[in-house]
Amino acid sequence: MSSPVQSGAYNERDLWHPPQIVGNLVALRRPHPDDLPSVVRWYRDKEIARLTRYQARPMSQGEVERFFQYRMLADDALAYSIVELPDWRVVGFTTFSSLDADNGSVMFHITIGERDAWGRGLGTEVTELMLGHAFDRLGLHRVGLSVFSYNLRAIRAYEKAGFRVEGRLRDAILRDGVYWDEIQMGAIADEWRARHYAADESTEGAELGVG
């Protein structure tokens, strides 16, 4: 399947919420109503609930529909469905929330719902694309997130994309009879740019036979 064709005039929303952002492994596109069945299936998966939600129980159909409507389809939502290239298969979603324009900060969220998409670098690239959008297009200063301490795969992906551990809420979540920490992580615009563009220059040098 090829990239969906975008139609209509470029409008103000496209400045802060482009119809799509394309990377190497994945593309981010605005959610469609027909993405809902996938989101319902993912959020009713017990393992995904364990990794992403404070409540271990799967969400009901009604709860997922309300989440999908208000967090993904609303006019002021900055959300994307994650599609794997080159087939444009929907594998997850990502959003920004709690935008604080006065202080230039936002919270980042990501769910890779298709299990066969785990551990293949897709989440890292999504995170990098969203950081680039936050810092280079939206002009924000800080992007934060929280992750449970047992989700080691996600923590590694966030660190690879440029997040740093800033603190932790000790014993904040109970899973399988054990208390775990909730880790707070953040990425700062200047640090991300220095790291990101240094990596780009290194890659260009290698391609030119430099170094």
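Analyst: Strand β2, residues 26-29, is covered on both of its faces. Val26 and Leu28 point to one side, Ala27 and Arg29 point to the other, and all four are buried. In this predicted model, β2 has a partner in strand β1, residues 20-22, and the two run antiparallel, joined by three bridges. Within this pairing, Gln20 has Arg29 of β2 as its bridge partner.

The account now turns to the pockets. The largest pocket holds about 1,000 Å³ of space. Its lining consists of 39 residues, and those nearest the centre are Leu51, Thr52, Ile110, Thr111 and Tyr158. Helices α3, α4, α5 and α6 and strands β4, β5 and β6 each contribute at least two residues to this lining. By class, the lining of the largest pocket comprises 21 nonpolar, twelve polar and six charged residues.

The second largest pocket contains about 300 Å³ of space. It is lined by 14 residues, and Trp16, Asp76, Leu78, Phe96 and Leu99 lie closest to its centre. The elements giving two or more residues to this lining are α4 and β4, and β4 provides the largest share, with four residues. The lining of the second largest pocket divides into ten nonpolar, two polar and two charged residues.

Notes: Residues numbered from 1 in each chain as written. Predicted model: local features only at pLDDT ≥ 70, side-chain atom pairs only at ≥ 80, totals over all residues. Heavy atoms only, no water. Buried < 20%, exposed > 50% of the residue type's maximum accessible area, 1.4 Å probe, protein only. Pairing = 2+ DSSP bridges. 1 Å grid on protein atoms, 1.4 Å probe; cavity = no way out; pocket = protein on both sides within 12 Å on 5 of 7 lines; lining within 4 Å. Points joined across faces, edges and corners; volume = space filled by probe spheres on them. Nonpolar A, V, L, I, M, F, W, Y, C, P; charged D, E, K, R; others polar.
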